[in-house]
Amino acid sequence: MEISFYNTLSRKIEKFETLEKNKVSIYSCGPTVYDSSHIGHARSAIVWDLLVRFLRYAKYEVLWARNITDIDDKIINRASELKIHPEKLARIESFKFWKDMYALNISTPDFEPKASENIGIMINFIEALINKNFAYRTETGDVYFRVSAFPNYGKLKNLNREKEISRIEHTQNKESDSDFALWKNFDETSYCFDSPFGKGRPGWHLECSAMIKKYFGNTIDIHGGGEDLIFPHHENEIAQSEALNGCPFAKYWLHNGMIMINGRKMSKSENNYITINESLEKYSANAIRFFILTAHYRQALNYTEEALISSQNTINKLFKNLKNIDLNNIENNLNKEILNNFDLAMSNDLNSPKALAIVFEAIKTNDLKDLNTAFYILKILGFNLSEDTSNKEFNLDNFEDLFNLLLDLRKQAKENKNYELADKIRDSFSKAGFQIKDSKEKSEVIRI
RNA sequence: GGCGACAUAGCCAAGCGGUAAGGCAGAGGUCUGCAAAACCUUUAUUCGUCGGUUCGAUUCCGACUGUCGCCUCCA
């Protein structure tokens with residue numbers, strides 16, 4: 001299977017060739033754990049989960065790392081508002097994040113490093129940069145990356161530093177306004193770490209560079225993240241890592257588009273976000289995944305109730321076919337042609353909307369093999385094939401006699417043209433959360 | 001001001017040189033006592049506007065209009 005991805009670095013679709021045959025190293029930027037995650041984070045998680053699942057399906061040996069930023073001013077500020085230790089807040093929010101990830105059926109990353117557990121390697125990283133003259137200490141005990149020493153700075157964002165109007169505040173201690181912090185000095189006792197540069201905390205950009213080096217070495221195959229991270233975060237990661245290692249940092253840079261709400265990017269600071277948890281109270285995880293996958297991962301996507309309801313309706317309809325599928329033998333009865341179309345769609349920069357269209361076309365044929373293939377594809381796309389049925393399909397066993405009695409009474413009433421009684425029985429079922437499905441042969445009860 | 005992305009039916013959304021996938025909603029039908037469910041059929045002579053290239057453009061090029069993102073923490 002020939003796969004290609006849009007590489008932010010070249011701004012082109014490129015053929016995917018791994019550094020090492022059949023092996024893929026992927027790093028995607030994880031959350032800063034100070035508050036609940038929202039649908040924007042869900043999209044990011046689902047997109048990278050999709051990438052990992054697809055590459056594994058394509059027979060690659062994938063190792064995926066996603067970090068947790070647990071050292072950050074926002075965590076410290078929020079913790080102090082709540083009068084708890086930052087570590088406790090980070091732990092609470094990490095658990096919430098994992099709970100969301102589990103609910104959304106996101107694969108477990110192979111590595112999930114925390115900043116707080118990798119201070120040592122970050123300090124080593126900084127010292128090596130200082131030794132190579134790519135970083136300098138200030139009188140106040142901070143350490144900054146010397147951007148002027150790295151000529152390639154700006155290659156990811158394609159920025160022209162001469163013409164940039166920097167909004168970065170001028171700081172007296174920095175050699176240049178565009179230099180960024182590798183270590184920030186803090187004398188306060190609240191939440192600091194010892195280092196050769198004095199007590200303080202590492203700069204945000206550093207943890208990803210340090211962790212990638214720790215788990216994957218100097219170069220990785222794919223680095224992913226939200227497109228809002230391109231600058232300055234990813235640009236700075238490149239600067240640090242390539243300055244130190246003297247070789248390319250990531251071969252492919254993939255970025256997911258933003259979730260929009262009311263025409264604006266969903267974000268904490270705009271206070272216009274819907275948390276994953278809130279959304280899951282209204283819609284199933286499969287519906288949320290479907291909503292995310294209906295758009296190509298690089299496009300902006302609007303979160304609207306209408307779109308989510310639409311996705312939920314679609315999933316409900318789609319999963320009614322699941323009862324005809326033997327999940328244990330799903331891999332043994334596949335339509336190769338459909339699967340081939342799926343491969344083509346997904347290998348073209350993860351065209352999930354097209355992949356979903358292939359699923360619907362497969363279901364239309366009324367062929368069991370095609371139906372089976374459709375669900376096999378849904379499984380690869382990360383849909384949970386047990387979720388939407390276990391709750392909705394009612395197991396009649398315990399109520400069989402009672403329900404059959406009522407259905408018989410209704411049938412008799414209808415035969416006697418006693419529609420008042422017949423409708424009363426139907427309404428009663430409805431009030432109790434059940435629906436009577438009439439067909440020519442029989443009537444059955446399903447849970448709504 | 002710099003960099004970049006996007007504009008396709010009521011809504012969501014693929015396609016990106018050969019004459020518009022798919023989903024939701026809607027409409028009609030079959031079924032029904034009436035419904036619901038299910039099933040079948042149906043819904044853009046047209047892809048923001050104006051030019052250009054081409055035998056042919058939604059797809060390429062240019063201009064314009066509009067929307068959005070990044071340049072500050074951000075998935």
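The legends below describe close-up views of a predicted model of a protein with an RNA strand.

Local features are reported at pLDDT of at least 70 and side-chain atom pairs at pLDDT 80 or more, whereas totals for chains, interfaces and linings use all residues, and side-chain values use heavy atoms, with hydrogens and water left out. Residues are numbered from 1 along each chain as its sequence is written, while chains are lettered from A and ligands numbered from 1 in the order in which they are written.

**View 1. Domains of chain A.** The domain assignment, which is automatic or comes from a database, divides chain A into domain 1 (4–260), domain 2 (283–390) and domain 3 (396–447). Between the C-alpha centres of domain 1 and domain 2 the distance is 32 Å, and 25 residues from domain 1 and 31 residues from domain 2 take part in the contact (heavy atoms within 4.5 Å).

View 2. Around RNA strand B lie 56 residues, of which Lys 74, Trp 204, Gly 226, Leu 229 and Asp 438 come nearest; a residue counts as near if one of its heavy atoms lies within 4 Å of the strand. Sugar and phosphate make up 60% of the RNA strand B atoms that come within 4 Å of the protein. Helix 11 supplies the largest share of this surface, six residues, and the elements that give at least two residues each include helix 1 (39–57), helix 9 (305–319) and strand 14 (434–438) (DSSP runs numbered from the N terminus, helices being H or I of at least four residues and strands E of at least two).

**View 3. Polar contacts to RNA strand B.** In these pairs of N or O atoms within 3.5 Å, the side chain of Lys 265 places an N or O atom 2.5 Å from a phosphate oxygen of RNA strand B. For Ser 310, a polar side-chain atom is 3.1 Å from a sugar or linking oxygen, and for Asp 438 a side-chain N or O atom is 2.4 Å from a base nitrogen.

**View 4. The largest nonpolar core.** This core has 75 residues, and Leu 55, Ile 222, Tyr 303, Phe 342 and Leu 381 touch the most other members; such a core is a set of buried Ala, Val, Leu, Ile, Met, Phe, Trp, Tyr and Cys residues joined through side-chain atoms within 4.5 Å, buried meaning under 20% relative accessible area with a 1.4 Å probe and protein chains only. Helix 1 gives the largest share of the core, 12 residues, and domain 1 and domain 2 each contribute at least three residues.

Conventions
A polar contact is a pair of N or O atoms within 3.5 Å; within protein, one must be able to donate a hydrogen and the other to accept it, and residues adjacent in sequence count only if both atoms are side-chain atoms. Buried means under 20% relative accessible area, exposed over 50%, partly exposed in between (1.4 Å probe, protein chains only).
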